[in-house]
Amino acid sequence: MQGRHLSIALAATLSLTAAGAAQAIQVGEVEIRGLDDEMEENVRVSLSLADMRGEDISFRRLRYMIGAAEAEAREALEPFGYYSPQIQVEQSRANGQVDVIVSVDAGEPVRIRNADVAIIGAGNRDRYLARDLDGFIPGPGEVFDHRPYEASKARISRRLAERGYFDADFSARRVEVTRATQAADIELVWTSGERYNMGPTSFTQSPREVVNQDLLERLVYWEEGGYYHQGRLDRLRTSLQRLDYFGSIEIEPRPDDADDDLRVPVDVRLTPAPRKIQTAGISYGTDSGAGFRLGEERRYVNRRGHKALAQLDYAQKRKTLTLQYRIPAFAWYEGWYTVSLQAADEQTRYIDARKIELVASRNGQYSRHLNLVASAHALRERWSYVDQDDPDRPPEYRYATFTYPSLRAEYVNVDDQLFPRSGIGGSIVLRSGLEGVGSDANFAQVHARASWYRGIGERHRLIVRGEAGHTYTDALVDMPPSLRFYAGGDRSIRGYDWREVGPRLGDYAVGAKHVFTGSVEYEHYFQSGFGFAVFADSGSAFNDSPDWRTGVGVGLRWASPVGPLRLDIARGLDDPDSPFTLHLDIGTAF
């Protein structure tokens with residue numbers, strides 16, 4: 001009988017356990033207290049319970065997860081240097097749901113006691129690697145945060161490869177944490193091996209060869225046998241991209257095939273881009289009327305890498321034809337010899353003007369951020385302003401001939417050319433002509449533009465823009481409209497029409513000797529890529545003293561694949577009856 005009673009009790013117990021296991025409860029809120037946002041998030045993603053929020057689980061599974069929560073939270077805090085936290089896990093049940101509170105006192109962090117970080121071998125004498133070793137973090141006395149530790153370790157390993165130490169490896173890699181003393185000892189030692197050298201560079205154009213090999217070989221600026229450095233290959237890639245002959249560029253060093261002198265061969269595989277770039281579009285402007293644009297560029301005219309461009313902008317009241325021919329240049333600095341011819345005809349409601357200009361230039365990439373352009377200009381221009389009192393009166397044309405040199409410096413140092421969030425870009429132009437030496441008047445001009453970008457958080461951007469231009473001449477009346485300064489419009493002073501600000505003949509702008517404009521703009525973007533902006537622009541184009549004009553407005557933004565698209569509505573503040581103006585612009589201009 002006793003055995004029978006034991007069997008019945010055991011069966012009952014098993015039945016109850018099975019019933020309990022079969023019952024389910026829903027995981028509710030999982031709250032973490034006592035930590036900053038970053039540590040809290042790391043703990044949350046490490047908790048099994050947090051993954052089950054809103055799910056129905058068995059009591060047995062719940063007990064297991066609650067029991068594991070302390071260990072999971074403790075492990076999640078170690079990357080931040082906290083190895084001895086006090087953790088309390090509490091639960092409350094109501095209405096078939098369990099809420100869990102994980103309270104954490106992180107305690108004192110582990111700090112670095114000793115840090116033995118070194119490179120032995122040839123890399124020990126490399127001053128750039130020595131600089132990286134000096135900048136290794138965390139150092140003695142600092143919190144043993146795994147994130148900067150791993151980043152510093154990876155940076156040195158990467159730098160060894162970049163500088164040609166392809167045989168580098170760890171000879172010691174050890175971290176000891178003593179919880180009793182809250183101390184960590186680091187031992188990291190690399191054996192660099194010998195530094196490799198630059199070997200032969202071979203170019204392959206596939207499926208067809210579009211330019212001569214010797215043109216590409218001129219881009220290899222280093223001597224074979226010199227020290228290997230990844231930066232040399234990066235510069236070669238940039239030079240090939242600037243040529244714009246190729247749609248795909250692959251550069252592969254082959255250290256496994258190095259010769260006895262440790263010279264690394266480099267393979268460059270190039271896929272030609274389409275030879276022709278054809279463009280077409282339609283346009284409309286209140287002054288120019290309806291029009292269209294047609295263009296064709298030849299990326300490579302011949303195997304010597306010459307380029308050609310033809311573009312026609314044809315509108316009812318404004319027409320421009322541009323022809324351009326470019327030849328690659330390698331002496332001094334990489335760049336182009338360019339000859340361009342432009343003819344323009346403008347017959348709007350206030351001016352009748354025609355011009356033809358021939359420009360010969362040479363540009364060179366002085367540095368990664370600075371491009372220099374020297375050019376010679378030959379300009380012939382005819383113009384006449386419409387008589388407002390008698391629009392049908394025959395025009396009285398003025399003529400001007402100016403031949404002058406020009407120097408231009410373009411500086412762009414931003415984190416992203418299409419959508420910059422940090423950095424500065426701009427240009428400065430110097431030009432001058434002499435009366436009797438190809439020009440109808442003595443003049444000298446300087447014109448500078450600059451834009452500064454600053455990202456604020458992930459979705460905000462501040463843009464500050466400025467422009468300054470000055471003309472030295474006693475004969476402004478002899479200078480054609482294309483050599484004068486104007487203000488107003490999309491990239492000048494919004495709230496005013498194009499060229500509205502400055503000296504006027506009746507209602508028409510005639511251009512000025514000087515210009516100063518400035519702008520401050522704040523943008524906010526949503527996760528979708530759309531956003532809004534508020535801005536204020538101010539400035540003046542003037543001859544003697546400025547007559548400042550200020551416009552304010554709001555706009556819509558879209559971070560498109562080809563750069564920001566801007567639609568702005570603005571109003572000038574200097575006239576109570578000023579109308580609102582609409583401005584549409586795309587891309588980033590420095």
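This briefing covers the nonpolar cores and a nonpolar surface patch of one structure. The model is predicted. Its largest nonpolar core has 26 residues, and another core, of 25 residues, lies apart from it. On the surface, eight named residues from V534 to L584 form a nonpolar patch with about 780 Å² of accessible area together.

**Largest nonpolar core**

- Among the 26 residues of this core, those touching the most other members are L35, V43, L47, L49, L62, L77 and V102.
- Two or more residues of the core come from each of β1 (24–33), α2 (37–46), α4 (59–77) and β4 (97–105).
- Helix α4 gives the most, with eight residues.
- Beyond its neighbours within four places in sequence, L49 is in contact with V27, V30, L62, M65, I66 and V100.

- The separate core of 25 residues includes Y196, L215, W222 and L236.

**Nonpolar surface patch**

- The patch is made of V534, V554, L556, L567, I569, F580, L582 and L584.
- Strands β26 (549–560), β27 (563–572) and β28 (580–586) supply at least two patch residues each.
- The largest share, three residues, comes from β28.
- I569, one of the patch residues, is located in strand β27.
- I569 counts as partly exposed because its relative accessibility is 39%, between the limits of 20% for buried and 50% for exposed.

Notes. Residues numbered from 1 in each chain as written. Predicted model: local features only at pLDDT ≥ 70, side-chain atom pairs only at ≥ 80, totals over all residues. Heavy atoms only, no water. Core = buried A, V, L, I, M, F, W, Y, C linked by side-chain atoms within 4.5 Å. Buried < 20%, exposed > 50% of the residue type's maximum accessible area, 1.4 Å probe, protein only. Helix = DSSP H or I, 4+ residues; strand = E, 2+ residues; numbered from the N terminus. Contact = heavy atoms within 4.5 Å. Patch = residues over 30% accessible without salt bridge, like charges linked within 9 Å, V, L, I, M, F, W, Y side chains within 5 Å. Areas by Shrake-Rupley, 256 points an atom, 1.4 Å probe, with all protein chains shown as cover. Salt bridge = Lys/Arg side-chain N within 4 Å of Asp/Glu carboxyl O.
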